[in-house]
Amino acid sequence: MESNGFNLIWLVLALPLLGFLLQALAGQRIEKAVGRRTLGALAVAPIALSFLIAVFLTQRLAGLAPGDRNVVVWGGEWIRISQLNIPFEAIVDPLSMTMVLIITGIGALIHLYATGYMSEEREYARFFTYLNLFIASMLILVLGNNLVLLFIGWEGVGLCSYLLIGFWYTDLANAKAANKAFIVNRIGDWSLTLGLFLIVAALATVFPKVSGDRILSFDTMLPALQSILKDNPALATGIALLLFGGAAGKSAQFPLYVWLPDAMAGPTPVSALIHAATMVTSGVVLLNRMHVVFECSPVASAIVCAIGAFTALFAALIAFGQTDIKKVLAYSTVSQLGFMFIGCGAGAYWTGMFHVTTHAFFKALLFLGAGAVIHAMAHEQDMRRYGKLAKYLPITFGTMLVGALAISGFPLMSGFFSKEAILGAALAGTHAQVDGFAIGEWAGLVGLVVAGLTALYMTRLTFLTFLGNEERWRTAPAEIHHESHAVAFGVSELLDLSDPHGFYKTMDSQAEEDHAHHGLTSDHTPHEVGPSMWIPLVVLAALSVFGGFLLQSNGMFEHWLQPMPLPVLGEVRTEPTTINLTMYSLIAAFAGMILGAIFYYRGLPANQGLDETKWTPLRLWQRNQFGFDQGVTTLAVEGGGDLGRSLWHWIDNGVIDGFVRGIALVATVSGGVLRQIQTGSVRLYALVMLVGVVGFLSYFLVASHLAIAVTGGR
């Protein structure tokens, strides 16, 4: 459709980029000239303005007929190679605008919160430089109308996550966490890249038949790709699984989930942005954008559904062993992402996006609420040192309680509606089937179990943090588990760059010095956070209460997302909130909350205390991810080192160097032989020439006589 009236979409993208450049090039000077509050406002304003423009464009898009809600906005020539043309284009459709509203709306609230949370940081401008760039990269990912722009945004969010997770890079643990996130995501990105190459190879077979030369633009590519893959299920499965590998990396599905819990090393606003509005949602967006590929491969859809179900269950079980409040929420994100993939694997792609939306509300709320708790508790993150904080932090408690109820599936909360939609689609079992085996149905049953576990571990978090019988920080040992706020130094201030151990040792010492004012004491009195931090909590709490109900009213969200760029081949039509499903879902949610209250209403059980030698083996196993993360790390680091050394010994040293050495040996031996006749004697050289001429003539005469004899003189 013509882009008339939708050119403002470029402003939505340009404003965060402008904010990024402003913070990067002039941030420190602005801070010195007019103060930190003004600098913070200049970081928030571009994102908030982008949100307002996005609301206007979404209203205009909603006013179009369903079949016309696929607008391509041309931005100019970009890449042209022979007949291949890749213009700079944006796609304005229900999927992209849903994500734009989430990214800019939730992102603006997180930016506002961060102005208060990061107010004591020396590298204030650097933080907001990265944060603005993160928003811009995610917008490129969701708005780009071709695979190349999608990939640029995809890599951009990976870069920004590395920069923000390792923001306090002077702590060794933070640097390692950032490296881990970057490296694990490279595995997923490798899979995505292969999938994109395979798509291009497939499209090359029909390129002359396609009208126009914008073969990689989604509006042109998806119909062509569908026509190729619907008769070639093997190719469809290969492409789909490679794309899913990329999605699993960004959206933390088993086994590539291991980076996300360690991403808690970054500041809490970063955790909220990654988990709620940007990076981890990109995998679900990819599956929705490329849904025609998965529609052509029931096998790939079944695998997506199965891995999503396993990830949801696995991460929910691990959450019980965590004592760090942010780690509990991190594993809950991994689990909830599993729910989203169940919905996509079941063929009801809109349910995955529905849960992306509601999850953005309550997960941003929970992370920002956890940040308020950490801020109030002198940067202590261990829930075993909390207790009875409700009376000190009433706003934080009230809003986090709303978030906990929403993620637990409490009736009429936002999470209730999106989970019901996913479970209803999965239990219908009409899409994710292999040889008649309905994997979707089993995934739906696992989802019901996970819903109960979610309610249980969130009740545990609520009671250990805000309720109970004692204020445990008054009696707990003085060991502190805090977010690192290490000061970022310039290169000239490092003592020894040649020794990374010396570097980090020096930096850690400085970080400890900076933390001298942190730490809980028996006379510590927690206090509520300021308006810049609690206002976003209240807004997100309201969205967590009413957002799900408003989006599902009269099937609004389903009807909004259903007119995808192409009609799906095997569209799933179910009523997700049947009486039986609702009843089972409510039983799971209330059972989890009741059991959590029974176990934790008094506070911290004895077998979960500070002395971990008294922990049960199961809980220790849960805390350590059932040994999976350590096993993978050992295999990757030590096993990778052994593999590298073996390849060096046998391939590099044995084969390649052996081949080179062999050539040198042949040259040496032949040279030694030939050197014997290089005497400098003219007579000898003349004799050799004479022998050569005689030999040549003899060969010529003999060959001529043989030819005459064979042909009979003809």
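Modeller: Contact here means heavy atoms within 4.5 Å. The model is predicted.

Colleague: What covers the buried residues of H20?

Modeller: Helix H20 takes in residues 531–552. Its buried residues are Met533, Pro536, Leu537, Leu540, Ala541, Ser544, Gly547, Gly548 and Leu551. In an α-helix, residues three or four places apart point the same way, because there are 3.6 residues a turn. The cover over the buried residues of H20 includes helix H3 (94–117), H15, H16, H17 and helix H21 (556–561).

Colleague: How many Å apart are the end C-alpha atoms of H20?

Modeller: H20 has 22 residues, and at 1.5 Å a residue they should span 32 Å.

Colleague: Where does H20 bend?

Modeller: The bend is about 45 degrees. Gly547 and Gly548 are among the buried residues of H20. The bend in H20 is at Phe546.

Colleague: Which residue stands opposite Val73?

Modeller: Strand E1 (residues 71–74) and E4 run antiparallel, joined by 4 bridges. In E4 (residues 89–92), Glu89 and Ile91 point one way while Ala90 and Val92 point the other way, and all are buried. In a regular strand, side chains alternate between the two faces of the sheet. Opposite Val73 stands Ala90.

Colleague: Is Lys388 buried, partly exposed or exposed?

Modeller: Lys388 lies in the loop between helix H15 (349–376) and helix H16 (394–407). Its phi is near 55 degrees, a positive value in a residue other than glycine. With a relative accessible area of 29%, Lys388 is partly exposed.

Colleague: Is Leu412 buried or exposed?

Modeller: Leu412 sits in the loop between H16 and helix H17 (414–428). Its phi is also positive in a residue other than glycine, near 75 degrees. The cut-off for exposed is over 50%. Leu412 has 56% relative accessibility, so it counts as exposed.

Colleague: Is the peptide bond from Phe254 to Pro255 cis or trans?

Modeller: Pro255 is found in the loop between helix H8 (233–250) and helix H9 (259–262). Omega for the bond from Phe254 to Pro255 is near 5 degrees, and the bond is cis.

Methods: Residues are numbered from 1 along each chain as its sequence is written. This is a predicted model: local features need pLDDT of at least 70, side-chain atom pairs count only at pLDDT 80 or more; totals for chains, interfaces and linings use all residues. Side-chain values use heavy atoms; hydrogens and water are left out. Buried means under 20% relative accessible area, exposed over 50%, partly exposed in between (1.4 Å probe, protein chains only). Helices (H or I, at least four residues) and strands (E, at least two) are DSSP runs, numbered from the N terminus. Two strands pair if DSSP finds at least two bridges between them. The expected span of a helix is 1.5 Å times one less than its number of residues. The bend at a residue is the angle between axes fitted to the seven residues ending there and the seven starting there.
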